[in-house]
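Visitor: I have a new model on my screen. Please show me how to read its features.

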Amino acid sequence: MEENEWAELATVDLSDINTVDGKQRQAKVLIDALRIKGFFYVKNFNISQDRLSRQFAMGNAFCDLPLEDKLQYIPELGSGEYNGYLPVGRAEADDAFGLTGRVEVFNMPKLSRIFNQAHPRLVKDHVVEVEEFVRSLHSEVLDHLVTLLAIAVELPENYFIDMHKYNQNSENHLHYLTYGKYTSRENKQLEALGSRRLWDGGHIGIGSFTLLFGQPVATLQIKDHTDGKWRWVKPQDAALTVKACHALSLLTGGYIKSTFHRITVPPRDQPHVDHLGLLYFTRPKNIVELATIKESPVLNRAGFTKNELEAGGFKVPTMGQWAYAVQEINLECAARIDHVEQIIATQEQLFLTRTRQLLDESQQRHTQRLYELSHFLHHHPAQ
């Protein structure tokens with residue numbers, strides 16, 4: 001692999017949480033990671049490689065289905081729906097060369113009675129296995145992380161677990177995706193784009209934590225909070241990568257950082273490789289209001305008592321409202337953007353429009369503050 005500038009990320013060790021002292025140690029590792037980088041690794045999470053490999057195989061098998069079969073599962077994108085199939089070619093990599101995006105996605109909500117999504121035969125034939133896998137991600141990873149987070153901010157250990165119960169209505173979903181490779185000729189054209197050699201432009205996550213499993217292909221970069229530089233996230237054996245998302249930032253008044261990240265074309269020694277990803281997006285229950293937690297002694301002592309919505313005098317949305325508003329923006333951007341540099345301006349425009357619908361009529365006079373809010377969320381274009 002070519003030499004890359006790697007991000008130095010901490011590792012949370014879940015084998016060390018069986019004692020009070022161990023929980024305190026790992027809570028310190030977690031909160032430092034959340035405050036400094038917003039990304040970290042997790043190891044010893046009690047899910048076998050065989051189970052992970054079977055999920056990668058299922059994602060790969062779905063991508064190999066005939067296009068006409070997959071097109072039956074496209075969601076109502078215009079209304080902010082995202083569970084289902086999102087085909088390749090929804091945006092151009094660069095119109096100067098006429099290169100289309102190669103990202104293909106299948107989103108699947110939690111397999112519970114709350115959602116009634118149609119699934120292809122491939123999923124139906126393995127629905128028990130998929131549900132057991134997703135529940136394991138919840139119980140073996142997410143529950144431990146939110147417990148450690150509660151300890152770190154001096155809240156009862158079940159505080160965030162109660163916000164993330166599996167059987168309650170939330171927008172958690174499993175995410176199979178493929179970033180398709182380009183030909184040698186296309187890669188030469190992408191090389192001419194320099195810093196715009198991207199599969200996916202800079203963005204932040206919506207919810208709580210996102211669990212990322214990937215192949216040993218370097219594609220993920222994060223923007224360092226300290227110096228603004230983009231650095232690669234190195235794939236780790238027997239570990240998963242986790243990112244903190246913006247709902248946690250809102251709930252902690254900005255104490256936790258959500259980090260801009262992007263997916264790039266692989267380094268020059270890996271251009272021939274498709275990248276298959278498996279992700280689990282976690283979010284608080286849809287009814288949770290994204291207001292700063294008032295009960296945390298840590299947040300109060302540190303002065304993190306208002307998030308950017310509260311500081312701007314805006315009505316605080318619920319997690320469900322937030323998820324659909326931001327997702328609608330992201331999907332519209334994906335359909336409309338030809339150049340990476342245009343993403344941020346378009347997101348600001350769409351965010352303003354959509355957020356106004358969530359606010360009381362009396363609050364619409366805060367246009368400038370809304371602009372500042374949208375700029376805060378999306379002001380780092382891919383460089």
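This is a predicted model: local features need pLDDT of at least 70, side-chain atom pairs count only at pLDDT 80 or more; totals for chains, interfaces and linings use all residues.

Visitor: Which share of contacts joins residues at least 24 apart?

Guide: Take the contacts between residues at least 6 apart in sequence. Of these, 77% link residues at least 24 apart.

Visitor: How many salt bridges does a search of the whole structure find?

Guide: Start with the general idea. Side chains of opposite charge can pair when their charged atoms come close. Here the search finds 14 salt bridges. One of them pairs Asp16 with Arg25, with the closest N and O atoms 2.7 Å apart. Arg25 is partly exposed, at a relative accessible area of 44%.

Visitor: Asp224 forms a salt bridge with Lys37; are the two buried or exposed?

Guide: Asp224 is buried, and Lys37 is too. Their closest N and O atoms are 2.6 Å apart. Asp224 sits in the loop between strand 10 (220-223) and strand 11 (230-232), and Lys37 in the loop between helix 1 (20-36) and strand 2 (39-43), so the pair ties together parts that are 187 residues apart in sequence.

Visitor: Where do Glu104 and Lys70 lie?

Guide: Glu104 is in strand 6 (residues 103-109) and Lys70 is in helix 3 (residues 67-70), so their pair ties together parts 34 residues apart in sequence. The salt bridge between their side chains is 2.5 Å, N to O. Both Glu104 and Lys70 are buried. Salt bridges also link up: shared partners join Glu5, Lys37, Asp224, Asp227 and Arg231 into one network.

Visitor: Now helix packing. At what angle do helix 1 and helix 5 cross?

Guide: Two packed helices are described by the angle between their axes and the distance between the axes. The axes of helix 1 and helix 5 (residues 127-152) cross at roughly 90° and come within 8 Å.

Visitor: Where is the place of Val153, and is Val153 buried or exposed?

Guide: Val153 lies in the loop between helix 5 and strand 7 (173-179). Its relative accessibility is 2%, and the cut-off for buried is under 20%, so Val153 counts as buried. Beyond its neighbours within four places in sequence, Val153 is in contact with Ile31, Phe160, Tyr255, Ser296, Pro297 and Val298. Val298 is 145 residues away along the chain, yet the C-alpha atoms of Val153 and Val298 are 5.1 Å apart.

Visitor: Last, backbone angles. What is the phi of Asn44, and of Asn46?

Guide: Most residues other than glycine have a negative phi. Asn44 has a positive phi of about 60°. Asn46 also has a positive value, near 65°. Asn44 is in the loop between strand 2 and helix 2 (49-63). Asn46 is placed in the loop between strand 2 and helix 2 as well. Asn44 is partly exposed, at 44% relative accessibility. Asn46 counts as exposed, at 59%.

Definitions and conventions: Residues are numbered from 1 along each chain as its sequence is written. Side-chain values use heavy atoms; hydrogens and water are left out. Contact means heavy atoms within 4.5 Å. A salt bridge is a side-chain nitrogen of Lys or Arg within 4 Å of a carboxyl oxygen of Asp or Glu. Buried means under 20% relative accessible area, exposed over 50%, partly exposed in between (1.4 Å probe, protein chains only). Helices (H or I, at least four residues) and strands (E, at least two) are DSSP runs, numbered from the N terminus. Axes are lines fitted to C-alpha atoms, for helices over the stretch in contact, and angles run from 0 to 180 degrees between N-to-C directions.
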